[in-house]
Amino acid sequence: MTDQPPPPTPSSGSGEPDPSDPSSPTGSPGHAGPPPGWGPGMPPAGPPSGPAGPQPGWDPGQGAWGAAPPPQGWAFPPTGGYPPGSGPYGGQPWYPGAPVGWYPPGYGFDPNDALVTPPGAGLGGWFNRCGGALRRGWRQLVPIMLLTQVLPAAVLSVISLGVDPSAKWAAQAESTSTPALPDNFAAELLSLLVLLVGGSLVVGLVQAVGWAAGTWVITQQAAGQPASLESALRYGLRRALGLWGWTLLVSLLIGVGVCFCVLPGIYLAFALSMAGPVYLFERHNPIGRSFRMFHDRLGLLLGRVALVAVAVIVGTLIPGGLEGIGTSAFGTDPFSSAGTAAGTVVVIGITAVLALPAHLAQMIGLLVTYAEQRAHEAPVNTAGLAAELG
């Protein structure tokens with residue numbers, strides 16, 4: 001107790017804080033006023049002192065108040081903060097999920113697949129897979145095509161040329177001044193037609209063996225599986241009959257279409273181009289499935305098949321023209337002597353071999369196009385296609 005009155009309290013409007021007050025914004029006793037440069041509405045020039053140090057939000061580097069500091073352990077960009085594998089969530093990626101371009105096993109779609117062109121890869125991806133199939137399998141594909149495509153076609157050409165009665169008909173027409181049909185014209189013409197049709201059927205069956213065998217080789221190698229020539233031919237023989245039957249039906253439809261002003265035949269040739277691969281891989285409704293693929297992705301399939309068609313036309317017209325020029329050098333009846341007959345056979349054999357690239361382009365191009373169409377319908381990979389072949 002004392003008789004002295006308490007010290008006077010400064011008024012709230014004086015603007016002068018009590019220097020003895022530890023909570024005074026001047027920060028330390030003994031200051032008679034605010035620090036230089038301070039004015040109303042301006043932040044203080046130094047951090048407020050207290051038992052716990054500077055208050056949150058004070059930036060010593062700037063000497064002013066700023067935003068509140070981030071929580072402990074937080075950093076931006078996300079590559080900062082805790083070292084990899086440490087912290088409260090060790091080993092967790094910043095954005096959970098698989099990296100771009102990665103697909104888990106069994107998903108059924110791989111952008112790096114050796115046979116299936118992924119959607120969006122474009123024409124370059126299609127060409128890359130066609131070239132890859134040829135590089136991997138030419139050692140097996142070339143013998144298969146020679147045995148099942150080139151040799152049968154050459155044999156049929158030699159036989160047809162040997163029994164062709166047109167040279168005899170021309171000689172008879174020159175020997176008489178009276179216009180008349182040659183002797184035995186109907187019988188000889190019928191015999192020639194039977195030979196051509198029957199020979200074409202047999203050649204088509206042998207070619208079906210090669211198509212199935214070549215498809216098996218390309219698919220197996222793309223899946224990383226061994227594919228020997230013997231195994232391929234065995235597979236081709238097992239699947240040739242069914243493929244041959246569907247090929248005959250497709251050829252008949254195209255032939256009927258050609259009779260109707262040619263354009264319907266061209267349309268059917270494009271629309272039914274996938275029938276062979278559909279049969280080998282799916283084994284049901286190849287004509288309907290081929291039509292659906294063609295109309296679902298008209299531009300894509302039309303462009304790919306058009307490239308294949310150009311390669312086949314160029315690759316067959318040139319050897320065909322060379323064969324005609326070569327055989328004409330031996331006269332109208334090249335089999336009248338042993339020498340001219342041997343020369344004719346050699347010319348036909350060489351020109352048939354020159355058509356080998358056309359056979360390879362047709363088989364590889366259509367197979368890669370079919371795999372691309374399947375990828376647009378649902379996720380698929382080469383391993384799944386190889387399993388479908390059986």
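Predicted model: local features only at pLDDT ≥ 70, side-chain atom pairs only at ≥ 80, totals over all residues.
Reader: What counts as a helix or a strand here?
Author: Helices are DSSP runs of H or I with at least four residues, strands are runs of E with at least two, and both are numbered from the N terminus. Counted in that way, the secondary structure of the chain comes to 11 helices and two strands.

Reader: How many of the 390 residues are buried, as a percentage?
Author: Of the 390 residues of the chain, 32% count as buried (under 20% relative accessible area with a 1.4 Å probe, protein chains only; exposed is over 50% and partly exposed in between). As for contacts (heavy atoms within 4.5 Å), taking those between residues at least 6 apart in sequence, 65% join residues at least 24 apart.

Reader: Moving on to the helices, at what angle do α1 and α3 pack?
Author: Helix α1, residues 122-163, packs against α3 at an angle of about 175°, and their axes are 9 Å apart. The axes are lines fitted to C-alpha atoms over the stretch in contact, and the angle, from 0 to 180 degrees, is between N-to-C directions. That makes α1 roughly antiparallel to α3 (over 145 degrees; under 35 is roughly parallel, 65 to 115 roughly perpendicular and the rest oblique).

Reader: And by class, which residues make up the contact of α1 with α3?
Author: There are 19 nonpolar, 11 polar and one charged residues in the contact of α1 with α3. Ala, Val, Leu, Ile, Met, Phe, Trp, Tyr, Cys and Pro count as nonpolar, Asp, Glu, Lys and Arg as charged, and the others, Gly among them, as polar.

Reader: What about α4 and α5, how far apart are their axes?
Author: The axes of α4 (residues 229-259) and α5 (residues 263-271) lie 5 Å apart, and the two helices pack at an angle of about 155°. They are therefore roughly antiparallel to each other.

Reader: Which residues meet there, in α4 and in α5?
Author: From α4 come L253, I254, G257 and V258, and they meet P264, G265, L268 and A269 of α5. By class, the residues of this contact of α4 with α5 are six nonpolar, two polar and no charged.

Reader: Now α6, is it mostly covered or mostly open?
Author: Helix α6 is mostly covered, with seven of its eight residues buried, namely A275, P277, V278, Y279, L280, F281 and E282. The cover over these buried residues includes α3, α4, α7 (286-296), α10 and α11. Just after α6, R283 takes a positive phi of about 65°.

Reader: Which residues of α11 are buried, then?
Author: In α11, residues 382-389, the buried ones are T382, L385, A386 and L389. They are on the same side of α11, because they cover an arc of only 100° around the axis, taken from the directions from the helix axis to the C-beta atoms. These buried residues pack against α3 (185-222), α4, α6 (275-282) and α10 (356-377).

Reader: Which side chain meets R289?
Author: R289 meets E282 in a salt bridge, at 2.8 Å from N to O. R289 counts as buried at 8% relative accessibility, and E282 is buried too, with a relative accessible area of 16%. E282 also meets R374 in a salt bridge, at 3.7 Å from N to O. R374 is in α10 and E282 in α6, so this pair ties together parts that are 92 residues apart in sequence.

Reader: What does E372 form a salt bridge with?
Author: Its partner is R304, with the closest N and O atoms 3.0 Å apart. E372 in α10 and R304 in α8 (residues 298-328) are 68 residues apart, which links distant parts of the chain. E372 is buried at 1% relative accessible area, and R304 is buried at 8%.

Reader: Which residues do salt bridges that share partners join into one network?
Author: That network holds E282, R289, R297, R374, E377 and E388.

Key
Residues numbered from 1 in each chain as written. Heavy atoms only, no water. Salt bridge = Lys/Arg side-chain N within 4 Å of Asp/Glu carboxyl O.
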